[in-house]
Amino acid sequence: MPKRNRKKVHYSRYLTINNEELEVNADYQKRYGVYVPIIQKTVEQLDACYRIHKRVCVIVFILHHRETSQDNKDISRFMNVIKQWIKRKYKTKNIGSVWVREWEKTKSKSHHYHCALMVDGDVVNDSFTILQAIKSKWFKHGHVPVDKVEVPHYNLRKENYKETRDAIIWRLSYYGKVRGKGYRNPQSSDYQTSRLK
C-alpha cells in the first residue's frame, strides 16, 4: 500500500481492519483510492458507539462554505455546538462523530465537509429534527445552506446489525477518498473523529 500525505492509501474493494474484511467504496476509483486511517478510525467509532448504546442512529450530512479557509476551526466549533445541543435536547451523551475536509477545485470555489454523527438509537431514530438544527445553526454562522443527501440516516440494531453496519461502512468509507484532500494548512487535518472507547 503506497503512502500519500503520510497516510496509507488503499485501492481495492476489500480492506482488512482489525482482522475483519470490510467492503469499502474504493474500487471504482482505482486512480485515487482511499486513505486507510480515515476508514479505520470511523469504523472504530461506529463500533464503540454500538458497544455503548446497543442501538445507534447514524446521521450523515454535508456542510459547504461561502469562502475557503486554511484551517478547520469552524467545523471543530460547529461539531461541538451541535453535539452539546443533542446532549441537552435528548438527555444523552457519548456521541460519535467523523468529518472530512474536501475541496475539488475544478468544481467549487471553496472546501466542504462530509460529516456523520452517531447517536444513541434509543433516543434518536431518525434524522429530521437534528438535520433541521444543523441547517439552522450552520446557516447562522454565515455559511451556505445544507444540502439534502440521499439516505440521511441509518438505524443500527441487533436485528439488522450485519447488513446495516455493512451499509454504513460502505457509505462512510467514501469519506476516505484521496481525491479532494490536502488543500489546507499543513498543521491542519483532513479529518477528525470522536474518541469514544
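A salt bridge here is a side-chain nitrogen of Lys or Arg within 4 Å of a carboxyl oxygen of Asp or Glu. By that criterion, the whole structure holds seven salt bridges. The model is a predicted one. One of the salt bridges joins the side chains of Glu-23 and Arg-13, at 2.6 Å from N to O. Glu-23 sits in strand β4 (residues 20-23), while Arg-13 sits in the loop between β2 (7-10) and β3 (14-17), so the pair links parts 10 residues apart in sequence.

Next comes the sheet. Five strands make up an open sheet, with the order β9-β6-β8-β7-β10 and antiparallel pairing. The edges belong to β9 (153-156) and β10 (191-193). Each has a single partner strand, so one side of each has no neighbour in the sheet. On average, neighbouring strands are turned by 10° against each other, direction ignored.

Strand β6 (residues 56-64) and β9 run antiparallel and are joined by four bridges. Cys-57 has Asn-155 in β9 as its bridge partner.

Helices pack on this sheet too. Helix α2 touches β6, β7 (96-102), β8 (112-120) and β10. The direction of α2 makes about 25° with that of β8. Helix α4 (residues 161-173) also packs on the sheet, with contacts to β6, β8 and β9. The direction of α4 makes about 145° with that of β9.

Now turn to the helix pairs. Helix α1 (residues 36-53) packs against α4 at an angle of about 145°, and their axes are 10 Å apart. The crossing of α1 and α4 is right-handed. From α1, the contact uses Ile-39, Thr-42, Val-43, Leu-46, Asp-47 and Tyr-50. From α4 come Tyr-161, Arg-165, Ile-168, Ile-169, Leu-172 and Ser-173. By class, the residues of this contact are eight nonpolar, two polar and two charged.

The other pair is α2 (residues 73-90) with α3 (residues 128-140). Their angle is about 140°, and their axes lie 11 Å apart. That angle makes α2 oblique to α3. The crossing of α2 and α3 is right-handed. Which residues meet here? On the α2 side they are Asp-74, Phe-78, Val-81, Ile-82, Trp-85, Ile-86, Lys-89 and Tyr-90. On the α3 side they are Thr-129, Ile-130, Ala-133, Ile-134, Lys-137 and Trp-138. The residues of the α2 contact with α3 comprise 10 nonpolar, one polar and three charged.

Definitions and conventions. Residues numbered from 1 in each chain as written. Predicted model: local features only at pLDDT ≥ 70, side-chain atom pairs only at ≥ 80, totals over all residues. Heavy atoms only, no water. Axes fitted to C-alpha atoms, helices over the stretch in contact; angles between N-to-C directions. Helix = DSSP H or I, 4+ residues; strand = E, 2+ residues; numbered from the N terminus. Parallel < 35°, antiparallel > 145°, perpendicular 65-115°, else oblique. Left-handed = near helix turned anticlockwise from the far one by under 90°. Contact = heavy atoms within 4.5 Å. Nonpolar A, V, L, I, M, F, W, Y, C, P; charged D, E, K, R; others polar. Pairing = 2+ DSSP bridges.
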